[in-house]
Amino acid sequence: MTLGIYIQVPFCQTKCTYCNFHTGVVSRDRYQPYANAVCGEIAGATQARQPAADTIYFGGGTPSLLDAAALAEILGALRASFLLEAPEITLEADPETITPEKANSWRASGFNRTSLGVQSFNDRELQTTGRMHRRADIARAAEILRTAGFENISMDLIIGLPHQTRESWEQSVSELLDLRPEHISIYMLEVDEGSHLGKESLAGGARYSAPAIPPDDTQAEFYDSACARLAAAGYGHYEISNWALPRRRSRHNLKYWQREPYLGLGAGAHSFDGKTRWANVHDSAKYVAMIEQGISPREQIEPVTSEQAFEEEFFLGLRRLEGIDLAQIERRYAANGTSARLAKIREQVDSLRAQRLLVFEAGRLRVAPDRLTISNSILAELLA
């Protein structure tokens with residue numbers, strides 16, 4: 001299979017209250033040395049052969065903070081080391097960082113898809129969570145990207161932000177649909193102690209407007225409403241959190257959900273070759289120093305066992321709306337020492353089907369369409 005390539009840019013202007021990623025606010029002086037280090041890692045990753053790749057994704061963090069010339073250098077290094085086959089090349093960007101000069105440079109260097117971290121069209125929600133942009137910046141950024149020639153734009157929204165109401169949520173969806181991006185991601189707020197907001201909410205505190213997070217059942221209503229509205233607007237729901245217009249699914253993210261190989265480059269980037277998973281060191285300064293010294297930044301190298309692969313097939317496959325071919329998976333893993341696990345999974349599947357949490361139609365197992373908001377709980381029970 002052709003590779004997906006992920007470039008991690010772990011820099012942000014501020015740390016959002018809900019963020020649990022390994023990102024940080026650093027001096028701009030560190031941007032170029034980091035870009036140089038990524039180019040160095042690229043050169044050392046392929047050695048004598050040129051692997052084929054058909055998706056490239058710059059994520060973070062906020063990759064649009066890097067100078068356009070630095071991003072072009074990284075793309076140039078990728079072209080020198082990989083055989084790029086009609087690649088989908090995505091750049092994550094925050095609306096307030098986009099200028100006509102940047103957008104034109106991105107397009108000229110080869111980026112053909114952008115992913116905008118919109119999160120909300122409500123200024124109070126944006127300000128409370130520490131986002132730098134405001135509602136007016138979103139439409140301005142979209143216009144700049146369209147003028148520069150971007151015909152494939154993705155936008156993200158988050159359900160469950162503090163102070164979010166039914167009215168503000170429906171307004172965000174309306175304004176999103178007015179801009180008509182080719183791809184839409186809608187995420188439920190993740191409340192965990194890895195973020196300032198999550199930690200405060202779990203502790204019952206009042207900072208970061210934690211008490212203003214809407215209740216779970218209200219968030220579920222927001223999600224169900226969005227599903228209906230996006231379907232009516234012509235967007236296909238293909239993964240629990242993702243919708244796309246025809247032929248505009250995220251080719252790169254599909255590699256993750258279908259367990260296809262991908263190579264992560266940069267501090268904290270993860271990789272998978274079909275048999276092994278590994279990650280780079282998270283600290284960006286340490287990453288740069290290791291590359292400059294000719295030391296591999298890889299760590300957490302872990303072979304994937306047959307049982308782990310089997311469970312990943314279920315977890316990732318059931319996130320997709322088309323579900324999984326249960327018989328095919330059973331045939332694939334029956335000879336790999338997972339027969340006891342297969343029998344247990346079968347029992348769990350039968351139990352969840354009886355509860356109408358899973359459905360089995362035309363040979364495919366799927367999460368019930370009206371239970372997508374509790375899909376994580378369903379999958380946790382299935383794989384317990």
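What is the volume of the second largest pocket? The second largest pocket has a volume of about 360 Å³. The model is a predicted one, in which local features need pLDDT of at least 70 and side-chain atom pairs count only at pLDDT 80 or more, while totals for chains, interfaces and linings use all residues. Residues are numbered from 1 along each chain as its sequence is written, and side-chain values use heavy atoms, with hydrogens and water left out.

**The second largest pocket**

- A pocket is defined on a 1 Å grid over the protein atoms alone, as an open set of points where a 1.4 Å probe fits, with protein on both sides within 12 Å along at least five of seven lines; lining residues have an atom within 4 Å of a point.
- Grid points are joined across faces, edges and corners, and the volume is the space filled by probe spheres set on the points.
- The lining of the second largest pocket comprises 25 residues, and Q258, R259, E313, R320 and R332 lie nearest its centre.
- At least two lining residues come from each of helix 11, strand 13 and helix 12 (326-334); helices (H or I, at least four residues) and strands (E, at least two) are DSSP runs, numbered from the N terminus.
- Helix 11 gives the most to this lining, with six residues.

**Salt bridges**

- The structure holds 18 salt bridges, each being a side-chain nitrogen of Lys or Arg within 4 Å of a carboxyl oxygen of Asp or Glu.
- R166 and E221 form one of them, with their closest N and O atoms 2.6 Å apart.
- This pair links distant parts of the chain, as R166 lies in helix 6 (residues 166-179) and E221 in helix 8 (residues 216-232), 55 residues apart.
- R166 has 47% relative accessibility and E221 has 39%, so both count as partly exposed, a class between buried (under 20% relative accessible area) and exposed (over 50%), with a 1.4 Å probe and protein chains only.
- R277 forms a salt bridge with E312, the closest N and O atoms being 2.8 Å apart.
- That pair also links distant parts of the chain: R277 belongs to strand 11 (residues 276-280) and E312 to helix 11 (residues 306-317), 35 residues apart.
- R277 is partly exposed at 22%, whereas E312 is buried at 18%.
- Salt bridges with shared partners join D54, K255 and E260 into one network.
- Between E260 and K255, the closest N and O atoms are 3.5 Å apart; E260 is buried at 16%, and K255 is buried at 4%.

**Glutamate E200**

- E200 is found in helix 7 (residues 196-202) and is buried, with a relative accessible area of 11%.
- The side chain of E200 reaches the backbone nitrogen of R207 at 3.1 Å.
- Leaving out residues up to four places away in sequence, E200 touches G205, A206, R207, Y208 and A210, where contact means heavy atoms within 4.5 Å.

- Three strands form an open sheet in the order 13-15-14, with antiparallel pairing; two strands pair if DSSP finds at least two bridges between them.
- Strand 13 (324-325) and strand 14 (358-361) are the edge strands, each pairing on one side only.
- Strand 13 is joined to strand 15 (residues 364-367) by two bridges, and the two run antiparallel.
- I324 has L365 in strand 15 as its bridge partner.

Technical notes. Polar contact = N/O pair within 3.5 Å; in protein donor to acceptor, adjacent residues only side chain to side chain.
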